Amino acid sequence: MKFNKLSEQALAGKRVLIRVDMNVPVKNGVIGDDTRIRASLPSIELCLKAGAGVILMTHLGRPTEGEPKPEDSLAPVVERLSSLLGKPVRLVADWQSGFSVAPGEVAMLENVRLNKGEKKNNADLGRAYAALCDVFVNDAFGTAHRAEASTHAVAQFAPAACAGVLLSAELEALGKALQAPARPLVAIVAGSKVSTKLTILESLADKVDQLIVGGGIANTFLLAEGKAIGKSLAEAELVDEAKKVIAKIRARGGDVPLPADVVCAKEFAETAAAVTKSAAEVEADDMILDIGPDSAQALAAIIAKAGTVVWNGPVGVFEFEQFGGGTKTLAQAIAASSAFSIAGGGDTLAAIAKYGITDDISYISTGGGAFLEFLEGKELPAVAILAERAG
């Protein structure tokens, strides 16, 4: 797919609007992990160096459109970005009445998810964004799978539209890994968002040699194999889908290795007592919050033999120390492996940072859903519109 790149644009004196993905974890005004902010710097710095005025836009969290709350503000993001750039960044809430940005200046529009029509890809909102700039740059791979006003409509109406440094790099790295992967190809798909990932699992079952599932997804697969999961997070209505995935990959000689031992608790809390037991001993009031040490070692052995590893999602509630063992073992196995490894998704980035293996992953993707949909072979709307504009 051919699209124009930021590096090919004449930017001196231009107003450049960059859709970045700075959707970082913020708790009580404090940023938990600034990986996505740092990943956006190359495009911003390239524009500033070329003599452009830079306007940024991103979403943060899942606010309600048209109902701003203090916790939805990008103020903490702007503060961190300003310190990383070493220059002030202006936060603009009332941008729709128009504002100007001078060459060398950086401004950030307030959280785009607060704008009515953002998620529905409203054309008028897209035109309003486009009116702010001479060049629109999409550098938000993490949202490339969604057609929204700040990723799609704006690209239709902006005077010029191109891909940023990060978006270009993402598409090249992922393409390289998936077009002719070194085998065995092992995919780890985990986390609590079960329903959003089952169709992707079906698609991966056609491509990968081993499919490791974890978190709520693994519980649904354990149900599919007739195992008791107590009151663990799962989606009973998707058991048939899970059975199909298992059958499909086994028919190709691969497998979906499920945990033989698990770490349980009676409640979902940071203070919950963790009990390790065989998967066959799970009680009716147990919640499975991690894989057990034997299962973690079995998965580590699979990773050690892999040629390519694709990782999306932690295999346990690693935010709570007592339920982080499985994810930590997996992370260390990926770090020690000679396989080409690609990791993506917010929780995955947080785990990589927590276990200090950033430098040991071949490519860290800033995308979650987009990363998975790319693996699935789906067209990413925000990339397709850039290709259309290039054509």
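## Burial and overall form

A residue counts as buried when its relative accessible area is under 20%, exposed when over 50% and partly exposed in between, using a 1.4 Å probe and protein chains only. By that criterion, buried residues make up 56% of the 391 residues in this chain. The model is predicted, so local features need pLDDT of at least 70 and side-chain atom pairs count only at pLDDT 80 or more, while totals for chains, interfaces and linings use all residues. Residues are numbered from 1 along each chain as its sequence is written, and side-chain values use heavy atoms, with hydrogens and water left out.

The secondary structure comprises 13 helices and 16 strands, taken as DSSP runs numbered from the N terminus (H or I of at least four residues for helices, E of at least two for strands). The radius of gyration, taken over C-alpha atoms, is 22 Å, close to the 21 Å given for 391 residues by the globule rule, so the chain is as compact as a globular protein of that length; the rule is 2.2 Å times the number of residues to the power 0.38.

## Packing of H9 and H10

Helix H9 (residues 293-304) packs with helix H10 (residues 325-336) at an angle of about 15°, their axes 9 Å apart, where axes are lines fitted to C-alpha atoms over the stretch in contact and angles run from 0 to 180 degrees between N-to-C directions. The two helices are therefore roughly parallel to each other, a term for angles under 35 degrees.

The contact (heavy atoms within 4.5 Å) is made by Ala296, Gln297, Leu299, Ala300 and Ile303 of H9 together with Gly326, Thr329, Leu330, Ala333 and Ile334 of H10.

Conventions
Parallel < 35°, antiparallel > 145°, perpendicular 65-115°, else oblique.
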